[in-house]
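Dear colleague,

I am passing on the structure we spoke about, and below it you will find what came out of going through it. Please keep it open beside this message as you read.

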Amino acid sequence: MERSKNEFYTIAGFPDVIGAVDGCHIQISAPHENSSSYVNRNGYHSINMQGICDAKLQFIHVYAGCCGSVNDARVWQLSDIREESERDVEKYFPGQTHILGDKIYPLLFNLLPPYKDYGNLLRVQRWYNLSHARTRQVIERAFALLLCRFRRLKYLYLQNVEYASLIILACCCLHNICIYLNDLLDEIVNLEEDDLQGEFNDEFDDQLLQIPADNPIFNPGIKRNVIANTMYLNREY
């Protein structure tokens, strides 16, 4: 845990991160039964694979049991890691550690998304979002590397859709072994800095978030505000 936290912290100064979560649609041939439930928002049949990776791009948890019409937030709700971590928080998230997800995920004490931008974000919130995006990109790189290693995952032709999850999990295990053996690909995708800037590269506001001192409930919103304030005050230019 400590090593993982340190590795994530060196990316963009985001504290206490032990993983990044996201979904990846693995295209499949149309199943014979309930075919329409596998059609995702982009119009093709898929399995929505949820992956959590560490800073070295190794998968530490994979859940590949949902059809493509299920969005990432719902996949998280259905996943075994969500249920197990809620049952034993200290085992999976000791010392107030957390994983990072994109804006579709709910704000939870151990799952932190970025602030949603409705055009009125404060400077400290924008700084948080920028650090969050730079840190969370590891899961995008992990998916890109997985698909580069195992091109079959770009389209799975299946007689039985039940085999899809087994194939995906097997590829993820082999992916981890390759990284452990330092078998890296030259074609790994590195996200451009401009892609990460997006909505965060405009002028910042001067106002800092105010954490309510009279509220004894340490809810996820307060935790995120504390982290945002701490990163902003410790920022380096």
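In what order do the 5 strands of the open sheet stand? Please bear in mind that this is a predicted model; in it the strands follow the order β3-β2-β1-β4-β5, and their pairing is mixed. Because β3 (59-67) and β5 (111-112) each have a single partner strand, they stand at the edges, and one side of each is left without a neighbour in the sheet. Helix α6 packs on this sheet, where it touches β1 (17-27), β2 and β3, and its direction makes about 165 degrees with that of β3.

As for the pairing itself, strands of a sheet pair through backbone hydrogen bonds, in either a parallel or an antiparallel sense. Strand β2 (residues 46-53) pairs with β3 in the antiparallel sense, over 6 bridges, and within this part of the sheet I52 stands opposite H61 in β3.

Helix α6 spans residues 162-180 and includes I177, a residue that also belongs to a nonpolar patch on the surface, formed together with L174, Y180 and L181, with about 470 Å² of accessible area for the four together. I177 itself counts as partly exposed, because its relative accessibility is 47%, a value that lies between the limits of 20% and 50%.

- K5 and E2 form a salt bridge in which the closest N and O atoms are 3.2 Å apart; both residues lie in helix α1 (residues 2-12), 3 residues apart, which is about one turn of the helix. K5 is buried, with a relative accessible area of 15%, whereas E2 is exposed at 51%.
- E83 and R87 form another, with the closest N and O atoms 3.6 Å apart; the two are separated by about one helical turn, being 4 residues apart in helix α3 (residues 80-87). E83 is partly exposed, with a relative accessible area of 45%, while R87 counts as exposed at 60% relative accessibility.
- D117 and R126 meet through their side chains in a salt bridge of 3.6 Å, N to O. D117 counts as partly exposed at 27% relative accessibility, whereas R126 is buried, with a relative accessible area of 6%.

Finally, salt bridges that share partners join E2, K5 and D16 into one network.

Terms used. Residues are numbered from 1 along each chain as its sequence is written. This is a predicted model: local features need pLDDT of at least 70, side-chain atom pairs count only at pLDDT 80 or more; totals for chains, interfaces and linings use all residues. Side-chain values use heavy atoms; hydrogens and water are left out. Patches are made of residues with over 30% relative accessible area and no salt bridge: like charges are joined within 9 Å, nonpolar side chains (Val, Leu, Ile, Met, Phe, Trp, Tyr) within 5 Å. Accessible areas come from the Shrake-Rupley method with a 1.4 Å probe; for residues, only the protein chains shown count as cover. Buried means under 20% relative accessible area, exposed over 50%, partly exposed in between (1.4 Å probe, protein chains only). Two strands pair if DSSP finds at least two bridges between them. Contact means heavy atoms within 4.5 Å. Axes are lines fitted to C-alpha atoms, for helices over the stretch in contact, and angles run from 0 to 180 degrees between N-to-C directions.
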